[in-house]
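Subject: Structure handover

Hello,

Here is the structure for your files. Please look through it before reading the notes below.

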Amino acid sequence: MERYYQPEIECASREQIKAWQDERLVKQVQHVWEHMPYYRKKMEAKGLTPADIKGTEDLYKLPFLSKADLREAYPYGLLAKPLKDCVRIQSTSGTTGKRVVAFYTQHDIDLWEDCCARAIVAAGGTDEDVCQVSYGYGLFTGGPGLNGGSHKVGCLTIPTSSGNTERQIMFIRDLNATILCCTPSYAAYLGETMKEMGLTPDQIPLKAGIFGAEAWSEEMRQDIQNTLGIKAYDIYGLTELSGPGVSFECSAQSGMHINEDHFIAEIIDPDTGEVLPEGAQGELVFTSITKEAFPLLRYRTRDICSLSREKCSCGRTHVKMVKPKGRTDDMLIIRGVNVFPSQIETVLLNHGYPANYQIIVDRVKSTDTLDVQVEMTPEMFTDNLGEVSRRQTELVEGLRSMLGLAAKVTLVAPKSIVRSEGKAVRVIDRRKI
Ligand code: DLL
């Protein structure tokens, strides 16, 4: 039987959801207009006042916010509450340029943790469960978000944070952890390690995993489910909007329900900014309608996906987003062809390889090169060069038909690609453009 954390919200009628969104959007625009001069200026530049926004139908009129705005306004420019009302910050890893710093009031944290609690209950969690949170704690939102959600559900929470794989496995076994929260790449690594220890899925107490923070393929899901003997649920979110729990998967495991009582989702054409119809693929844009301290309106996530309002077998009524295929900024353009790392992952896993790979892009004599390094499993590993070469050719063909592009494939020895405890680094782009 499907269980919900907040059934009256998660299964509300579409009319009710729209009514909440209309009312909260109008209120939020007023709040932002009064307390966030940075966005008010953007509205004024378009000749808008709060009176122009009467409900969700008017959302398209509002200006976008992007990562560039967050950098420009760093650190306090998008803060809409006095600092004395804020109780926490979280931050992105910020590999390029300034970090994003997001502020939270206690109310913001409370609602964020509700969203994470919804995800845990959708994965079958109850107060009888033991939930091991192996996302990083600290500035990263993964650990704190799922930790708070787990408390709300009443699970016994094991805040291991990431890393120290042996200790993770010890706690899973000794304390009978039933739910594991971490990145999918770390879940795959934990699974691999347990397998090497000779543990079979029925000797692992876990029953569900809540995995997100990076793109992962359907094939990788199957792989993790088989090694750990669990159901693996996807969870999505970003620091700018709170953290994990913006959307989450249910028992249908076919896309993630967006918490529409807190976030309005749109799909736009990334080039023109035009709103696209339901079902179309494009860039995901979110408007946060309940956040007090850091309420971003029409924030461009750069994640590529589509939305579906088809009725879901779980009974939830909130719109679903398909697994993000990647980010506009993850997308590699190789000899003019758009390539997402997730497409390469699909080919590798379909041919029986583990999700341990690295994509190396370079430019040699003005031509882009794509080298996919992929680990063989111990069973495949051989010193028969003919066999290695046959396998490489097979993958080159598979990649050609998926991408329409010639790639080089290098098969490497098991365990030679470095494992990740958080978000995996899949792409090394050496081109100097
Ligand atoms: O990754 C929040 C999070 C923590 C989500 C734990 C899920 C679980 P950031 O570090 O700000 O926040 O990164 C946000 O990660 O824009 C996506 O590109 C990517 N991402 C997050 N979840 C998924 C997912 C956290 N399930 C960025 N599938 C987002 C694909 C994801 N990409």
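This is a predicted model: local features need pLDDT of at least 70, side-chain atom pairs count only at pLDDT 80 or more; totals for chains, interfaces and linings use all residues.

Numbering starts from 1 along each chain as its sequence is written, and side-chain values use heavy atoms, with hydrogens and water left out.

Ligand site

The ligand is surrounded by 21 residues, where a residue counts as near if one of its heavy atoms lies within 4 Å. The closest are Asp234, Ile235, Thr239, Asp303 and Lys423. By class, this shell holds 9 nonpolar, 6 polar and 6 charged residues; Ala, Val, Leu, Ile, Met, Phe, Trp, Tyr, Cys and Pro are taken as nonpolar, Asp, Glu, Lys and Arg as charged, and the others, Gly among them, as polar. Strand S7 (residues 231–238) gives the largest share of the shell, 5 residues. Helices (H or I, at least four residues) and strands (E, at least two) are DSSP runs numbered from the N terminus.

Polar contacts are pairs of N or O atoms within 3.5 Å; within protein, one must be able to donate a hydrogen and the other to accept it, and residues adjacent in sequence count only if both atoms are side-chain atoms.

- aspartate 234, with a polar side-chain atom 2.8 Å from a ligand nitrogen atom;
- glutamate 214, with a polar backbone atom 3.2 Å from a ligand nitrogen atom;
- arginine 327, with a polar side-chain atom 2.9 Å from a ligand oxygen atom.

On its own the ligand has 610 Å² of accessible area, and the protein covers 93% of that (Shrake-Rupley method, 1.4 Å probe; for residues, only the protein chains shown count as cover).

Nine-stranded sheet

S7 also belongs to an open sheet of 9 strands with mixed pairing, in the order S4-S3-S5-S6-S7-S8-S9-S14-S13. Strands pair if DSSP finds at least two bridges between them. At the edges are S4 (156–158) and S13 (307–308), each pairing on one side only. S6 (residues 208–212) runs parallel to S7, joined by 5 bridges, and glycine 212 stands opposite isoleucine 235 in S7.

Helix H8 (residues 184–196) lies across S5 and S6, at about 125° to S5. Contact here means heavy atoms within 4.5 Å; axes are lines fitted to C-alpha atoms, for helices over the stretch in contact, and angles run from 0 to 180 degrees between N-to-C directions.

Four-stranded sheet

Another open sheet has 4 strands in the order S20-S19-S18-S21, again with mixed pairing. Strands S20 (408–412) and S21 (427–429) each have a single partner strand, so one side of each is left without a neighbour in the sheet. From one strand to the next the twist averages 20°. S19 (residues 367–375) pairs with S20 in the parallel sense over 5 bridges, and valine 374 has leucine 411 in S20 as its bridge partner. Helix H10 (residues 341–350) packs on this sheet, touching S18 (357–364), S19 and S21, with its direction at about 125° to that of S18. Helix H11 (residues 385–403) lies across S19 and S20, at about 135° to S20.

Backbone details

A cis peptide bond joins tyrosine 74 and proline 75, with omega about -5°. Proline 75 sits in the loop between helix H4 (67–72) and strand S1 (86–91). Serine 161, not a glycine, has a positive phi of about 60°; serine 161 is in the loop between S4 and helix H7 (165–174).

Regards
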